[in-house]
Amino acid sequence: MRKRGCLGCSFPLIIGISIILVVLTILGFISGSIGRSIFGDVGPSWLRVPNPEPQLPPGVIFHIGSFGVTNTMLTAWISILLIIGLSYFAFRRPKLVPTGLQAVMEYVFGSLLDFCQSVAGEKNGRRFFPVVSTIFIFVLVNAWISLLPFYGDAILRHIHGSEVPVFRGANTDLNLTLALALFSFICIEFYGIKDLGLAGYLSKFIRVRQIKEGIIQLFKGKVKSALGTLFFGAIDFIVGLLETLSEFIRIVSFSFRLFGNMLAGEILLLVTAFLIPMVFAIPFYGLEFLFSFVQALIFGGLTLVFMTVAVSGHEEEH
């Protein structure tokens with residue numbers, strides 16, 4: 001019987017791969033910024049990475065009429081086409097016993113549906129599922145596409161004397177994260193007004209019921225009771241103002257949280273590849289792969305939680 005090594009691979013193969021990784025790590029260290037500062041320009045030139053120059057605003061790569069198409073917008077379009085394509089090929093001929101791509105897609109959507117129902121209940125979980133799954137999958141695909149080798153400064157285009165990356169992660173564009181935050185905000189308010197009615201939903205923010213009761217008690221001559229009711233009514237009114245402020249602050253927190261985390265991840269990958277190219281950056285790619293999933297889950301999960309709170313009556317909130 002043939003002996004197997006680790007993970008079903010023979011030991012000679014493992015040793016050979018290990019030697020290649022060690023050699024690439026040494027070459028990357030010598031060719032990187034740290035190695036050049038110690039040994040000078042002795043490493044292979046094809047391993048050298050240019051100085052990272054992260055930029056906050058996206059770059060315009062071409063125009064459609066007077067409309068400028070940015071590199072982040074191009075990534076968002078590619079993500080949308082990829083999601084549509086995967087969905088089409090997975091479900092164009094659905095099988096009773098799913099296999100291949102259909103099985104993967106059904107597992108993803110089934111897991112998201114279970115997650116929505118565990119948070120919002122069976123009825124609301126099914127209602128909120130399309131919104132939450134759309135946000136989660138769109139953010140995740142955008143993030144994972146940005147980890148491909150040709151993203152960043154790999155493909156540049158010269159525009160007006162400057163070099164602009166053709167591809168850039170869409171989540172690193174504040175315009176896109178702000179648009180997602182506004183979409184989430186609109187969905188939250190829509191479901192809240194739809195379930196509670198306009199007056200019932202606004203009563204969660206405009207809290208004047210106790211103030212009205214205090215004024216009525218004051219006219220009835222119940223001064224002591226009226227003062228207590230007015231005092232607590234004033235506190236409740238201030239709480240309503242804070243609730244109103246928090247609704248709009250969510251737009252800022254949603255957009256800047258995703259934008260800041262994704263931009264930081266992009267800069268981290270650029271810096272690690274610049275300091276020590278090749279193998280040293282691989283663990284950071286794995287970390288960013290996992291971190292992107294967490295960020296997509298946070299964005300979709302918070303939207304789900306806030307929609308669940310929005311459809312709850314004022315007395316049902318905890």
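## Handedness and overall make-up

A crossing of two helices is called right-handed if the near helix is turned clockwise from the far one by less than a right angle, and left-handed if it is turned anticlockwise. In this predicted model, the crossing of helices α5 and α7 is right-handed, and that pair is described below together with other helix pairs.

The protein contains eight helices and four strands, and their order, beginning at the N terminus, is α-α-β-β-α-α-β-β-α-α-α-α.

## Helices α5 and α7

Helix α5 spans residues 174-202 and helix α7 spans residues 223-275, and the two pack with their axes 8 Å apart at an angle of about 150°. Because angles over 145 degrees count as roughly antiparallel, α5 is roughly antiparallel to α7.

On the α5 side, the residues that make the contact include Leu174, Leu178, Phe185, Ile188 and Tyr201, and on the α7 side they include Phe248, Ile251, Phe254, Leu258 and Phe259. Sorted by class, the contact between α5 and α7 has 14 nonpolar, three polar and three charged residues; Glu189 of α5 and Arg250 of α7 are among the residues that take part.

## Helices α3 and α4

Helix α3, made of residues 71-91, and helix α4, made of residues 100-145, have axes that come within 8 Å and cross at roughly 110°. Since angles of 65 to 115 degrees count as roughly perpendicular, α3 and α4 are roughly perpendicular to each other, and the crossing of α3 with α4 is right-handed.

Several residues of α3, including Ile78, Leu82, Ile83, Leu86 and Phe89, belong to this contact, and on α4 its members include Met105, Phe109, Ile137, Phe138 and Val141. In the contact of α3 with α4 there are 16 nonpolar residues, five polar ones and one charged one.

## Helices α4 and α5, and Phe128

Helix α4 also meets α5, and here the axes come within 12 Å and cross at roughly 180°, which means that α4 is roughly antiparallel to α5. Residues of α4 such as Arg127, Phe128, Val131 and Ile135 take part in this contact, together with residues of α5 that include Leu180, Phe183, Cys187 and Tyr191. The contact of α4 with α5 divides into 10 nonpolar, three polar and three charged residues.

Phe128, which lies in α4, is buried, with a relative accessible area of 0%. Leaving aside neighbours within four places in sequence, Phe128 is in contact with Ala120, Tyr191, Leu304, Met307, Thr308 and Val311. Thr308 is 180 residues from Phe128 along the chain, and yet the C-alpha atoms of these two residues are separated by 8.6 Å.

## Gly214 in helix α6

Helix α6 covers residues 209-219 and holds Gly214, a residue that is buried, with a relative accessible area of 0%. Once neighbours within four places in sequence are set aside, the residues in contact with Gly214 are Ala226, Thr229 and Leu230. Between the C-alpha atoms of Gly214 and Thr229, two residues that are 15 residues apart along the chain, the separation is 5.0 Å.

Technical notes:
Residues are numbered from 1 along each chain as its sequence is written. This is a predicted model: local features need pLDDT of at least 70, side-chain atom pairs count only at pLDDT 80 or more; totals for chains, interfaces and linings use all residues. Side-chain values use heavy atoms; hydrogens and water are left out. Axes are lines fitted to C-alpha atoms, for helices over the stretch in contact, and angles run from 0 to 180 degrees between N-to-C directions. Angles under 35 degrees count as roughly parallel, over 145 as roughly antiparallel, 65 to 115 as roughly perpendicular and the rest as oblique. Contact means heavy atoms within 4.5 Å. Ala, Val, Leu, Ile, Met, Phe, Trp, Tyr, Cys and Pro count as nonpolar, Asp, Glu, Lys and Arg as charged, and the others, Gly among them, as polar. Buried means under 20% relative accessible area, exposed over 50%, partly exposed in between (1.4 Å probe, protein chains only).
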